[in-house]
Amino acid sequence: SSPLVVAVDGTSGSGKSSTSRGVAERLGLRYLDTGAMFRAMTWWMLRQGVDVHDADAVAARCGEPEIVSGTDPLAPSITVDGTDVAVAIREDDVNAAVSPVSTVPEVRGRLLRLQREVIAADGGIVVEGRDIGSVVAPDAPVKVYLSADPAARAERRAAEAGAADVEATRESLLARDRIDSGRTTAPLVMADGAVHIDTTGHTLEEVIGLVVALVEDAE
Ligand code: C5P
C-alpha cells in the first residue's frame with residue numbers, strides 16, 4: 001500500500017501546527033510544515049531586497065534559494081542556503097509579506113515540487129498548509145480542515161509569539177486569511193473529502209485525539 005499521508009489544512013492560528021505535530025508524534029509519522037517553506041522563501045526575498053508586491057520580480061528570483069525542511073515532529077527545522085531560519089521566519093516582516101509572496105504561481109510551483117519530493121520519501125507523513133488536500137496531496141487518505149473563531153485564533157497566536165497586542169495579531173491573521181482565500185492559484189479551500197473540525201473550545205489533546213481516530217479508521 002502507498003505510504004500514509006495526512007493532509008491538514010486551515011486558517012492561520014486554527015491550531016494546525018500543534019495538532020499536526022501532535023498527530024505525527026503519536027503515530028510515529030514524519031511531519032512537514034509547508035507554511036514554513038513559504039515563510040522561508042519570503043524571508044529570502046526580503047533579505048535580497050526584492051519588492052514582495054512585485055509578482056514578476058518574485059517569480060524571476062524564486063528559483064534561487066535552497067530551502068530544506070526537516071521532518072521530525074519533535075524538532076522541526078528549516079534552512080535557507082544552509083542558514084537556520086526557524087526563528088526569523090516568525091517575525092512580523094515575514095508575517096506581513098508571506099501571503100503576497102504565496103500568491104505568485106511560480107513560487108507555488110517551485111515549492112510544490114519540493115513538497116512532493118519530501119512526501120514521496122520513506123514513511124508516512126502529516127503535511128500541514130492551505131492547499132494540501134486540494135492540490136499537493138489530493139489522494140491523501142485522511143484530510144482535515146481546521147478552523148476556529150478569530151478571537152480564539154488571535155489569542156493562541158499572540159501567546160505563542162509572546163505578542164502583547166492581541167488586536168494587532170488578530171488583524172494580521174485576518175489579513176492573511178483574506179489573501180490566502182482570495183488568490184487564484186491554490187486558494188485556501190476545504191478539500192473534497194476533508195473532515196471539518198472547529199477547534200474553538202476544544203483542547204489541543206482533544207483535537208489530536210479526533211485526528212488520530214480518523215487516521216485509525218482509514219487504516
Ligand atoms: O501556516 P502558516 O501560517 O505559517 O503559513 C504562512 C503563509 O504561507 C500563509 O498565510 C499562506 O499565505 C502561505 N501558505 C500557502 N500555502 C500553504 C502553506 C502556507 O500559501 N500550503
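1. The protein chain of this predicted model contains 9 helices and 8 strands. Helices (H or I, at least four residues) and strands (E, at least two) are DSSP runs, numbered from the N terminus. Residues are numbered from 1 along each chain as its sequence is written. As the model is predicted, local features need pLDDT of at least 70 and side-chain atom pairs count only at pLDDT 80 or more, while totals for chains, interfaces and linings use all residues.

2. On overall form, the C-alpha atoms of the protein chain fill a box of roughly 50 × 40 × 30 Å along the principal axes.

3. Of the 219 residues, 43% are buried. A residue is buried if 20 or more other C-beta atoms lie within 10 Å of its own, exposed if 12 or fewer, and partly exposed in between, with C-beta atoms placed from the backbone. Among contacts between residues at least 6 apart in sequence, 77% join residues at least 24 apart; a contact requires C-beta atoms, placed from the backbone, within 7 Å.

4. An unreviewed UniProt entry annotates residues 6-216 as "domain: Cytidylate kinase". UniProt positions follow the numbering used here, feature names are shortened, and annotations may be inferred rather than shown by experiment. The span is 51% helix and 15% strand, and its end C-alpha atoms lie 11 Å apart.

5. Strand β1 (residues 5-10) has 6 of its 6 residues buried. One side carries Val5, Ala7 and Asp9, the other Val6, Val8 and Gly10, and both faces are covered. β1 runs parallel to β6 (residues 125-129), with 5 bridges, and is also parallel to β7 (residues 142-147), again over 5 bridges. Strands pair if DSSP finds at least two bridges between them. Val8 illustrates both pairings: its bridge partner in β6 is Glu128, and in β7 it is Val144.

6. Around the ligand there are 13 residues, of which Gly35, Phe38, Ser102, Gly129 and Arg130 come nearest; a residue is near if its C-beta atom, placed from the backbone, lies within 6 Å. Helices α2 (34-48), α4 (92-102) and α8 (166-182) each supply at least two residues of the shell, and α2 gives the most, with 4. By class, the shell has 2 nonpolar, 6 polar and 5 charged residues. Ala, Val, Leu, Ile, Met, Phe, Trp, Tyr, Cys and Pro count as nonpolar, Asp, Glu, Lys and Arg as charged, and the others, Gly among them, as polar.

Conventions:
Two residues are in contact if their C-beta atoms, placed from the backbone, lie within 7 Å.
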